[in-house]
Amino acid sequence: MPTTREQLRRMVAERKPPHRGFAWSELMDALEQMEAATRDSAVSTLEDEDVGVLVDLLAQRGRVPLRGQPPVPHSMPPEELVQLRALKILAQAGRLATIRDSLERLDREPSAPALRDFARQLLSRLESEGEA
């Protein structure tokens, strides 16, 4: 059986989510694996397919078909938590240029303050790096 990470990649490549959806804990584990790939070495080992998954999660506004509900209430909706995690991973991987449109959208649209503030920080960093 394919891993959640492989299923996410397939969902992006084929534009077809798994019919049963993703379990929240498995989705969070897959994002954790991607995050680990950005922090465990001097050079990010985040694969291009994973970057595609993260960019797509942002484009879909974090909407992923879930099986069941997230187990623990959080200060933001699950979709926004997925977007926040995707932003953090892409920032750690140095891939902000791939998500400029998503950052601008998150800055304009209503969302959880933590998500909007982080998007603004990343957008400012991206703009200052462009000026350097």
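1. Arginine 67 has a relative accessible area of 30% and is partly exposed, a class lying between buried (under 20% relative accessible area) and exposed (over 50%), with a 1.4 Å probe and protein chains only. The model is predicted: local features need pLDDT of at least 70, side-chain atom pairs count only at pLDDT 80 or more, and totals for chains, interfaces and linings use all residues. Residues are numbered from 1 along each chain as its sequence is written, and side-chain values use heavy atoms, with hydrogens and water left out.

2. Arginine 67 forms a salt bridge with glutamate 26, the closest N and O atoms being 3.3 Å apart; the term denotes a side-chain nitrogen of Lys or Arg within 4 Å of a carboxyl oxygen of Asp or Glu. This pair links distant parts of the chain, 41 residues apart: glutamate 26 belongs to helix H2 and arginine 67 to strand S2 (residues 66-67). Helices (H or I, at least four residues) and strands (E, at least two) are DSSP runs, numbered from the N terminus. Glutamate 26 is partly exposed at 34% relative accessibility.

3. A second salt bridge joins arginine 9 to glutamate 47, with 3.2 Å between the closest N and O atoms. Arginine 9 lies in helix H1 and glutamate 47 in the loop between helix H2 and helix H3, 38 residues apart. Arginine 9 counts as buried at 18% relative accessibility, whereas glutamate 47, at 40%, counts as partly exposed.

4. Both residues also belong to a network of salt bridges that links Arg5, Arg9, Glu47, Glu49 and Asp50. The structure holds 15 salt bridges.
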